[in-house]
Amino acid sequence: MKIIFRKYKSADQKKLENLMQNFSLEELGVKISLTTIRKTIKEFSCFPEKGVIYVFEMNKILVGYALVINYWCNGYGGNVSAIDEIFVNISCRGTGIASAFIKYLQKNVIRKSVAVSLEVGAKNKKAKQLYKKLGFNREGYGFMIKMFSKSKSTSS
């Protein structure tokens, strides 16, 4: 099994949209609209300084993706690469793809970062175990958000 991690290309769009909708259904319990997903893809494509969409390819088939966002963190004294979303198709889980991607990031991408961070769903015990095994530690902060306006991102 050979896994390739690469940056998103426009030819990946339909498959990536499907993966992103599957992620939102599993993690959020709602289906993010294609309009919202396309807005995200366009934003990352037009403004690469905001972050990168990586796709995970196995035997020329997209089996996962990650959104990696870079920002400066005063508390850590440097750039942090935040994995905003990471998703692997259910049929490919447990094969080491997510672990290999974290190692790929560490070796090839985030050399100029002082840390890598990610969020994990409260009920996602397998992911929590994996991230702990990979050296992630739980911080003492809780994630909170206030929306500025009613989001239309959950309709198709």
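This is a predicted model: local features need pLDDT of at least 70, side-chain atom pairs count only at pLDDT 80 or more; totals for chains, interfaces and linings use all residues.
**Figure 1. The whole chain and its surface.** Residues are numbered from 1 along each chain as its sequence is written, and side-chain values use heavy atoms, with hydrogens and water left out. Of the 156 residues, 35% count as buried; here buried means under 20% relative accessible area, exposed means over 50%, and partly exposed is in between (1.4 Å probe, protein chains only).

**Figure 2. The fold from one end of the sequence to the other.** The protein chain has four helices and five strands, and along the sequence they come in the order β-α-α-β-β-β-α-β-α. The radius of gyration is 15 Å, close to the 15 Å that the globule rule gives for 156 residues, so the protein chain is as compact as a globular protein of that length. (Helices, H or I with at least four residues, and strands, E with at least two, are DSSP runs numbered from the N terminus; the radius of gyration is taken over C-alpha atoms, and the globule rule is 2.2 Å times the number of residues to the power 0.38.) Along its principal axes, the C-alpha trace spans about 45 × 40 × 35 Å. Take the contacts between residues at least 6 apart in sequence: 59% of them join residues at least 24 apart, where contact means heavy atoms within 4.5 Å.

**Figure 3. Charged side chains.** The protein chain carries 27 positive and 11 negative side chains, and the centres of the two sets lie 3 Å apart. (Lys and Arg count as positive and Asp and Glu as negative, while His and the chain ends are not counted; each charge is placed at NZ of Lys, CZ of Arg, CG of Asp or CD of Glu.)

**Figure 4. Strands S1 to S4, side by side.** Strand S1 (residues 3–7) runs antiparallel to S2, joined by five bridges. S2 (residues 51–58) then pairs with S3 (residues 61–73), again in the antiparallel sense, over eight bridges. S3 goes on to meet strand S4 (residues 78–88) through 10 bridges, and those two also run antiparallel. (Two strands pair if DSSP finds at least two bridges between them.) You can follow the bridges residue by residue: Val52 has Val68 in S3 as its bridge partner, and Val68 in turn has Ile83 in S4.

**Figure 5. Strand S2, wrapped up.** Eight of the eight residues of S2 are buried, so this strand is largely enclosed by the rest of the structure. Gly51, Ile53, Val55 and Glu57 point one way, while Val52, Tyr54, Phe56 and Met58 point the other way. Gly51 has a relative accessible area of 3%. Not counting residues up to four places away in sequence, Gly51 touches Phe44, Val68, Ile69 and Asn70. Gly51 and Ala11 are 40 residues apart in sequence, and their C-alpha atoms are 19 Å apart in space.

**Figure 6. Two hairpin turns.** S2 and S3 form a hairpin with two residues between them. Asn59, in the loop between S2 and S3, has a positive phi near 50° and is exposed at 59% relative accessibility. Lys60, found in that loop too, has a positive phi of about 65° although it is not a glycine, and Lys60 is exposed with a relative accessible area of 73%. For background, most residues other than glycine have a negative phi. The hairpin of S3 and S4 has four residues between the strands, and there Gly77 takes a positive phi near 70°.

Figure 7. Gln21 is in helix H1 (residues 13–28) and counts as buried at 10% relative accessibility. Leaving aside neighbours within four places in sequence, Gln21 is in contact with Lys31, Ile32, Ser33, Leu34 and Ile37. Lys103 sits in helix H3 (residues 97–109) and is exposed, with a relative accessible area of 51%. From Lys103 to Val114 is 11 residues in sequence and 15 Å in space, C-alpha to C-alpha.
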